[in-house]
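Dear colleague,

Please find the structure below, handed over for your files.

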Amino acid sequence: MADVSLTAAFSTVPAAEAVELKRVLVDTVQQLAADDGAFKRAKLVFTESDERTGLSAEVDGVMGEGLPLQLDS
């Protein structure tokens, strides 16, 4: 199983949903690592506000570009 760490900041998501969202993100990345076998360690940073959401990842020490995600409301 991959070592996945997540740093997350939420501004509009209620606490219970934030906990669940963190779990889903970590579980998803662990599943990708298990299915692919392409990486052993991932560091994720997730930020959410009422204007934009971002996710960036460092996989096995290589930083990926963070891209803002537009959420339809």
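Aspartate 27 is partly exposed, with a relative accessible area of 34%; partly exposed here means between the limits for buried (under 20% relative accessible area) and exposed (over 50%), computed with a 1.4 Å probe on protein chains only. Its side chain meets that of arginine 23 in a salt bridge, at 2.6 Å from N to O. A salt bridge is counted when a side-chain nitrogen of Lys or Arg lies within 4 Å of a carboxyl oxygen of Asp or Glu. Arginine 23 and aspartate 27 are four residues apart in helix 1, so about one helical turn separates them. Helices (DSSP runs of H or I, at least four residues) and strands (runs of E, at least two) are numbered from the N terminus.

Please note that this is a predicted model, in which local features need pLDDT of at least 70 and side-chain atom pairs count only at pLDDT 80 or more, while totals for chains, interfaces and linings use all residues. Residues are numbered from 1 along each chain as its sequence is written, and side-chain values use heavy atoms, with hydrogens and water left out.

Arginine 23 also forms a salt bridge with glutamate 20, at 2.4 Å from N to O. Both residues belong to helix 1, which spans residues 15–36, and they are three residues apart, about one turn of the helix. Glutamate 20 has a relative accessible area of 39% and is partly exposed; arginine 23, at 42%, is partly exposed as well.

The structure holds three salt bridges. One of them joins the side chains of aspartate 3 and arginine 41, at 3.5 Å from N to O. Aspartate 3 lies in strand 1 (residues 3–10) and arginine 41 in strand 2 (residues 41–48), so this pair ties together parts that are 38 residues apart in sequence. Aspartate 3 counts as partly exposed at 44% relative accessibility, and arginine 41 counts as partly exposed at 42%.

One further residue of helix 1 deserves a remark, namely glutamine 30. At 19% relative accessibility, glutamine 30 counts as buried. Leaving aside neighbours within four places in sequence, glutamine 30 is in contact (heavy atoms within 4.5 Å) with Met1, Ala2 and Val4.

With kind regards
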